[in-house]
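Biologist: I have a model open and would like to learn how to read it. Can we start with how helices pack?

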Amino acid sequence: LPRDVPVAFVGTADTTAFQGHRMQWLGALKALVPSAVIRCGVYGPGMSDIVGMALIGFNVAVMRDLNMRAFEVMAAGAFLFTSPMDGLSDLGFVEGEDYLTWGDRASMEAGLGWLLAEPERTLEKAMAAREKVLAGHTYRHRIREMLGSYFDQVRARGGDFDIRELSQGSQPQQAGAKQPKGQEQGEDWLGLTPSNFNSRLRAMV
């Protein structure tokens with residue numbers, strides 16, 4: 001997609017005590033870049049379409065949290081411009097190359113000026129960061145890590161497990177209740193059963 005939008009924010013923002021300061025910073029962004037696009041309540045393809053048209057993806061980490069928006073912005077090929085957040089550098093992302101941090105209005109203005117002054121350079125950095133995300137930080141990667149950790153624990157315990165330890169969707173059968181037709185005893189809402197659980201999860205990784 002063409003990068004027709006200089007800066008975009010797509011996420012949640014309201015006036016509660018928890019997110020009130022996010023509104024303040026979005027106001028500062030709009031004052032500094034009047035053409036910035038701010039959208040709330042947009043998810044999925046709509047979100048990625050907007051961010052995918054932006055040169056810069058703006059982020060406000062409410063509690064210095066490493067939120068999903070950081071990865072969504074980079075995966076969409078926009079350059080991540082964020083308030084301080086913990087953990088991003090620990091994952092191999094480099095400040096000034098893969099993302100840039102602002103901490104107050106002055107640093108926000110300086111950072112936006114630097115990023116917008118040379119859009120080709122900014123886009124080149126954004127594309128490099130995108131490759132890092134796609135190579136090791138997608139939902140599939142995280143699921144593999146979680147399942148790998150789980151199977152390590154199962155092996156450490158020396159054997160099998162009860163599906164109910166992981167599946168919060170299954171409910172115990174009441175005495176005298178009929179088993180739904182075609183449903184195996186212990187089957188949960190994902191169609192997982194004690195007999196197929198290991199094989200189906202291994203197939204995912």
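Modeller: Start with who touches whom. In helix H4, Trp 114, Leu 115, Leu 116 and Ala 117 meet Pro 119, Arg 121, Thr 122 and Lys 125 of helix H5. By class, the residues of this contact are five nonpolar, one polar and two charged. Keep in mind that this is a predicted model.

Biologist: How do I describe the geometry of such a pair?

Modeller: Two packed helices are described by the angle between their axes and the distance between the axes. For H4 (residues 105-117) and H5, the angle is about 95 degrees and the axes are 5 Å apart. Angles of 65 to 115 degrees count as roughly perpendicular, so H4 is roughly perpendicular to H5.

Biologist: Which residues of H3 and H5 meet?

Modeller: From H3 come Phe 71, Met 74 and Ala 75; from H5 come Ala 126, Ala 129, Arg 130 and Val 133. The classes here are six nonpolar, no polar and one charged. The axes of H3 and H5 (residues 119-136) come within 8 Å and cross at roughly 120 degrees.

Biologist: Is Met 74 buried or exposed?

Modeller: Buried means under 20% relative accessible area. Met 74 has 0% relative accessibility, so Met 74 counts as buried. This residue sits in helix H3. Setting aside residues up to four places away in sequence, Met 74 touches Leu 80, Leu 88, Phe 93, Asp 98, Ala 126, Ala 129, Arg 130 and Val 133.

Biologist: Lys 125 has a charged side chain. Is Lys 125 buried or exposed?

Modeller: Lys 125 counts as buried, because its relative accessibility is 14%. Lys 125 belongs to helix H5. Beyond residues up to four places away in sequence, Lys 125 touches Phe 79, Gly 96, Glu 97 and Trp 114. Between the C-alpha atoms of Lys 125 and Asp 98 there are 6.1 Å, and the pair is 27 residues apart along the chain.

Biologist: What about a residue in a loop? Where is Asn 67 found?

Modeller: Asn 67 lies in the loop between strand E3 (54-59) and helix H3 (68-75). At 12% relative accessibility, Asn 67 counts as buried. The side chains of Asn 67 and Asn 59 are joined by a polar contact of 3.3 Å. Apart from neighbours within four places in sequence, Asn 67 contacts Arg 22, Asn 59, Val 60, Ala 61 and Met 85.

Biologist: How do I read a single helix?

Modeller: An α-helix has 3.6 residues a turn, so residues three or four places apart point the same way. Now list the buried residues of H6: His 141, Leu 147, Tyr 150, Phe 151 and Val 154. Then check length. H6 (residues 139-156) has 18 residues, so at 1.5 Å a residue it should span 26 Å; its end C-alpha atoms are 26 Å apart, which agrees.

Biologist: Which elements do the buried residues of H2 pack against?

Modeller: They pack against strand E1 (5-11), strand E2 (37-40), E3 and H3. The buried residues of H2 (residues 45-52) are Met 47, Ile 50, Val 51 and Gly 52.

Biologist: And the chain as a whole?

Modeller: The chain has seven helices and five strands. From the N terminus, the order is β-α-β-α-β-α-β-β-α-α-α-α. Of its 205 residues, 39% count as buried. Among contacts between residues at least 6 apart in sequence, 58% join residues at least 24 apart.

How values were computed:
Residues are numbered from 1 along each chain as its sequence is written. This is a predicted model: local features need pLDDT of at least 70, side-chain atom pairs count only at pLDDT 80 or more; totals for chains, interfaces and linings use all residues. Side-chain values use heavy atoms; hydrogens and water are left out. Helices (H or I, at least four residues) and strands (E, at least two) are DSSP runs, numbered from the N terminus. Buried means under 20% relative accessible area, exposed over 50%, partly exposed in between (1.4 Å probe, protein chains only). A polar contact is a pair of N or O atoms within 3.5 Å; within protein, one must be able to donate a hydrogen and the other to accept it, and residues adjacent in sequence count only if both atoms are side-chain atoms. Contact means heavy atoms within 4.5 Å. Axes are lines fitted to C-alpha atoms, for helices over the stretch in contact, and angles run from 0 to 180 degrees between N-to-C directions. Angles under 35 degrees count as roughly parallel, over 145 as roughly antiparallel, 65 to 115 as roughly perpendicular and the rest as oblique. The expected span of a helix is 1.5 Å times one less than its number of residues.
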